[in-house]
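These are my notebook entries on one protein model. I write down what I looked up, one topic at a time.

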Amino acid sequence: MSDKTLDCSDLDQYMGKPIDPARMKEPLHNNDFRRWVQAMHYPNLLHYDHDFAAEGRYGKIVAPQSFAVSCDDGHGAGPACVGRINDSHLLFGGDEWWFYGPKIFGGDEITNEKIPLDYVVKETGFAGPTCFQRGDNNYYNQDGDLIAKQRSTSIRYRRDLAEEKGVDPAAMDDPEWTDEALDDLEPKKYEYIKMMHELGHGKRYWDDINVGDSLPTRIIGPHTIASFTTEWRAYLFTIWGGTHRPGLDMEAMGFTKEMAGYENDPVMERDNPEWTDGAYFGPSRGHLFPRYARMIGMPRAYGYGASMGAWILDYLAGWAGEWGQVVHCNSSYRGPAFTGEATIMNADVVEKLTDDEGRNLIQVKMKMTSHLGNTMATATAEIELPKK
């Protein structure tokens, strides 16, 4: 009988101690924002169309709220993945975001203060004893303004126990879509886009929102290896030479040889940068290669947790419009986006309030499901809206 324990004792020495970020080498450019919204399937004109943005609140293109996570390595999971757990792998468990008002524009230089927070071990059906580890990312601009805090949760588990439990053979194949079903999906996807066009530069007023109201449905997909690859390439740290990399020893953290590699290694990047690309080698390869996905307990290629978080923030912010903003969002990820599946987002207004800071907020409960009905994520968020 194999040992079923999970040794997390090495993690204790890192809690509460800042770790090095992957600092940007050049100021941000509008094309960074355009690449991001294109990859995240978020056609909000404010973030990519020069003429539309020039007529709006900011007079120029502005980054979406979801963009902050692209300004460092590791999709925000860096401070939630420190210390050694033998023969382990990592999945994203959730993100909690607080936004403080400042926006990100072209020319800004963003820095991230990364601080490991805590961890707890729980029993799961996926891989037995599982470590839920948390860490904070504090994103600042060049003026020292705090833009956002991201508290990430990583799920660290023994790869061998996940592989031992196995995957359902029936889940290894993508669901099939008929041409008619795909044709039927497109107008449904466009409904959310049309809502943003109709709002334009207008204001969605707090006064007009009522408890029980539903936000319009947002649909993206069906997902493919190509779409997941496009998402990966929108994260700035995936670009050769794009950041001052602090360097990580993946094997020292417990990743197996097949899933460790040289991802984000600054020395290897100058020698053979393809070896440092997690899309091909290292812990991220399971997202794009079904063979490696199955090595870590996934049935086939799957999407990125941080992208799911971006989809949620974009969904809520797109509805709020340019005069509103998400001020807080706590998301829990239940299962990834798999190839062949479409993602469906719905949200309902559950509370309407004015907080101690005088902000007019509406609280929503959001649920993300696949087109097959599987729950992918849930979230509770507070959105600030203007008052008449």
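**Entry 1: salt bridges.** I start with the term: a salt bridge is a side-chain nitrogen of Lys or Arg within 4 Å of a carboxyl oxygen of Asp or Glu. With that rule I looked for a network, and Asp-72, Asp-73 and Lys-114 are linked in one.

Before going on, I note the ground rules. The model is predicted, so I keep in mind that local features need pLDDT of at least 70 and side-chain atom pairs count only at pLDDT 80 or more, while totals for chains, interfaces and linings use all residues. Residues are numbered from 1 along each chain as its sequence is written, and side-chain values use heavy atoms, with hydrogens and water left out.

How many salt bridges does the rule give? The count comes to 18. I looked up three of the pairs.

Asp-73 sits in the loop between α2 (50-54) and β2 (88-99), and Lys-114 sits in strand β3 (residues 111-124). The pair links distant parts of the chain, 41 residues apart. Helix and strand labels here are DSSP runs, numbered from the N terminus: helices are H or I with at least four residues, strands are E with at least two. Are Asp-73 and Lys-114 buried or exposed? Both are buried. Buried means under 20% relative accessible area, exposed means over 50%, and partly exposed is in between (1.4 Å probe, protein chains only).

The next pair is Arg-151 and Asp-136, with the closest N and O atoms 2.6 Å apart. Arg-151 lies in strand β5 (residues 146-158) and Asp-136 in strand β4 (residues 128-140), so the pair ties together parts that are 15 residues apart in sequence. Asp-136 is buried, at 7% relative accessible area.

My last pair is Asp-207 and Lys-387, which meet at 3.6 Å, N to O. Asp-207 is partly exposed at 26%. Lys-387 is partly exposed too, at 45%.

**Entry 2: the sheet.** In what order do the strands of the open sheet stand? The 9 strands run β3-β4-β5-β2-β8-β11-β10-β9-β6, with antiparallel pairing. Two strands pair if DSSP finds at least two bridges between them. β3 and β6 stand at the edges with a single partner strand each, so one side of each has no neighbour in the sheet. On average, neighbouring strands are turned by 20° against each other, direction ignored. Axes are lines fitted to C-alpha atoms, for helices over the stretch in contact, and angles run from 0 to 180 degrees between N-to-C directions.

I also checked helix α8 (residues 305-320). It lies across β2, β6, β8 (325-333), β9, β10 and β11, running at about 145° to β8. Contact means heavy atoms within 4.5 Å.

**Entry 3: strand β10.** I zoomed in on β10 (residues 360-370), where 9 of the 11 residues are buried. Strand β9 (residues 343-354) runs antiparallel to β10, joined by 11 bridges. β10 also runs antiparallel to β11 (residues 375-384), with 9 bridges. I followed Ile-362 to both sides. Lys-352 stands opposite Ile-362, and in β11 the bridge partner of Ile-362 is Ile-383.

Then I read the turns. The β9 and β10 hairpin has 5 residues between the strands, and Gly-358 in the turn has a positive phi of about 80°. The β10 and β11 hairpin has 4 residues between the strands, and Gly-373 takes a positive phi near 95°.

**Entry 4: two loop residues.** Gln-65 is in the loop between α2 and β2, and it is buried at 14% relative accessibility. What lies 2.8 Å from a polar atom of the Gln-65 side chain? The backbone oxygen of Val-326 does.

His-201 lies in the loop between α4 and β6, and is partly exposed at 25%. The His-201 side chain makes a polar contact with the side chain of Glu-322 at 2.6 Å. A polar contact is a pair of N or O atoms within 3.5 Å; within protein, one must be able to donate a hydrogen and the other to accept it, and residues adjacent in sequence count only if both atoms are side-chain atoms.
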